[in-house]
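Subject: Structure handover

Hi,

Here is the structure I promised to pass on to you. Have a look at it first, and then read on for what turned up.

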Amino acid sequence: MYKKGDYIVYGNAGVYKVEDITTLKGISYAEKNKEYYVLKPAFSSGVVYYPLDSDKVFTRPVISKEEAEKIIALIPEIKVEAKNFDNSNDLTEYYKSIISNHNCKDLVELLMIIYKKREIATEQKRKLCQVDEVYQRQAENQLYSEFAVALNIDISEVEAYIQEKIK
C-alpha cells in the first residue's frame, strides 16, 4: 500500500504522485466505502482515482536516486544491435513487451536500440519508421519521468544529466 506523498509508476502512463487516499463521495461510478488513491501525474495535469484493492493497472514505487544513478552508470557498458523485424506488427509487439515490463534498464536498452536505428537510417539518408518514433517517445516519457523524480530534477534536465554522467 502506498501512502500520501509517494511517487509511483502507474501503468504505461508514467509517474504519478499519491495526493490522497479517500472514499469517493458523489461520484456515480465509485463504490461506496471503497478507498481510492487520488493520483496526479508528476509532469502534467489531471487526476486518476485508482482503487486500493485493484491490480488492473501495473503500479510500483519509483526507483531510488541510487538505483537511477547505478543504471545511468551502466549505460556506457550496454552494447546493443539495431533490431530488424520482417513486419511492423512484430516490431510493435517487441516494443510493447519491453514498455510493459516497466524496468528502467530495459527502457534504456530499448532507447539505445532505437537511437542506433536512427543513426543507421540517417547514414542511409532515410527516416526512422513511425513505430520506432512512437515507442521512442513512450520509452523516453516513462524513463525520463521516473529518473526526474528519483534524481529530484526537472524532466527537461534528464537527458543532459545522463549525457554529463556518461562522458
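A residue is called buried here when its relative accessible area is under 20%, exposed when over 50%, and partly exposed in between, using a 1.4 Å probe and protein chains only. By that criterion, 39% of the 167 residues of the protein count as buried.

Before you dig in, please note that this is a predicted model, in which local features need pLDDT of at least 70 and side-chain atom pairs count only at pLDDT 80 or more, while totals for chains, interfaces and linings use all residues. Residues are numbered from 1 along each chain as its sequence is written, and side-chain values use heavy atoms, with hydrogens and water left out.

**Overall layout**

The protein has 5 helices and 5 strands, taken as DSSP runs (H or I, at least four residues, for helices; E, at least two, for strands) and numbered from the N terminus. Reading from the N terminus, the order is β-β-β-β-β-α-α-α-α-α. Along the principal axes, the C-alpha atoms fill a box of roughly 60 × 35 × 20 Å. With contact meaning heavy atoms within 4.5 Å, 54% of the contacts between residues at least 6 apart in sequence join residues at least 24 apart.

**The sheet**

The 5 strands form an open sheet in the order β4-β3-β2-β1-β5, with antiparallel pairing; two strands pair if DSSP finds at least two bridges between them. β4 (48-51) and β5 (59-61) are the edge strands, each with a single partner, so one side of each lacks a neighbour in the sheet. From one strand to the next, the twist averages 45°. β1 (residues 7-10) and β2 (residues 15-23) pair in the antiparallel sense over 3 bridges, and I8 stands opposite Y16 in β2. Helix α4 packs on this sheet, touching β1, β2 and β5, and its direction makes about 75° with that of β2.

**The α3/α4 pair**

The axes of α3 (residues 104-123) and α4 (residues 130-151) come within 9 Å and cross at roughly 140°. Axes are lines fitted to C-alpha atoms, for helices over the stretch in contact, and angles run from 0 to 180 degrees between N-to-C directions. The two helices are therefore oblique to each other, a class left over once angles under 35 degrees (roughly parallel), over 145 (roughly antiparallel) and 65 to 115 (roughly perpendicular) are set aside. Residues making the contact include L107, L111 and I114 of α3 and Y135, A139 and L143 of α4.

Happy exploring!
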